Amino acid sequence: RYGKYLNLLKEHAENGLCFVLMNCEKFLKEQQRTVVSPLCCLQEHYAGYDWFASSVFLIMSGDREKTLTFLQRFSRLLVSAFLWLPRLHISMHLPITTVESGIHPVYFCSAHHIEMLLKAELPLVFSAFHMSGFTPSQICLQWITQCFWNYMDWSEICHYIAICIFLGPDYQIYMCISVFRHLQQDILKHTEA
């Protein structure tokens, strides 16, 4: 619906998206290990909806072959671990202790840096989060997981993906900090209320 709303996709594009998502699931299952764990998040072989694959599908104007070719080549790059979160879900490329923890590496890699930079760059926002009982990294993980869908306009989402691919995964952290800077007044207003 979003792709049709933006005039990026033609009618019946949902068949192409279903094809892409099913092939991504199959491709990613080949890179997963078997884990015996009581954690619910490790029971499933697929980590929820694949927002990144959907974003690439829209960027490729609904061309399912181009999308799959890009995703297969992209999976070889380090930055794919930070942008395409389902790629590392119970992945054989991670140490078993990391997999068994159920915590995605983006959370403990990027989250630490987000918290550290937010404390240095926007101390009032950091304090507001601390007082509220939420961590900014929880919100950032939600943004990152969904490729900023429902938070940014489509052109900004494309810029986010392109910047992270071309300049490196650390720009994912800078993007989160810049969104917090943009929302600073609203966050402080809500803290007072």
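Predicted model: local features only at pLDDT ≥ 70, side-chain atom pairs only at ≥ 80, totals over all residues.
**The cavity**

- A search of the whole structure turns up 1 cavity of 30 Å³ or more.
- The space in the largest cavity comes to about 30 Å³.
- Which helices each supply at least two residues of its lining? They are helix H7, spanning 105-121, and helix H9, spanning 136-145.
- H7 gives the largest share of this lining, with 5 residues.
- Around the largest cavity you will find Val106, Tyr107, Ser110, Ala111 and Ile114, along with Ser137, Cys140, Leu141 and Ile144.
- By type, the lining of the largest cavity holds 7 nonpolar residues and 2 polar ones, with no charged residue.

**Helix H2 against helix H3**

- Helix H2 (residues 13-29) packs with helix H3 (residues 51-59) at an angle of about 135°, and their axes lie 10 Å apart.
- Because of that angle, H2 counts as oblique to H3: an angle over 145 degrees would have been roughly antiparallel, and one of 65 to 115 roughly perpendicular.
- The crossing of H2 past H3 is right-handed.
- On the H2 side, the contact is made by Ala13, Gly16, Leu17, Val20, Leu21 and Cys24; on the H3 side, Ala53, Ser54 and Phe57 take part.
- The residues of this contact between H2 and H3 include 7 nonpolar and 2 polar ones, and no charged residue is among them.

Notes: Residues numbered from 1 in each chain as written. Heavy atoms only, no water. 1 Å grid on protein atoms, 1.4 Å probe; cavity = no way out; pocket = protein on both sides within 12 Å on 5 of 7 lines; lining within 4 Å. Points joined across faces, edges and corners; volume = space filled by probe spheres on them. Helix = DSSP H or I, 4+ residues; strand = E, 2+ residues; numbered from the N terminus. Nonpolar A, V, L, I, M, F, W, Y, C, P; charged D, E, K, R; others polar. Axes fitted to C-alpha atoms, helices over the stretch in contact; angles between N-to-C directions. Parallel < 35°, antiparallel > 145°, perpendicular 65-115°, else oblique. Left-handed = near helix turned anticlockwise from the far one by under 90°. Contact = heavy atoms within 4.5 Å.
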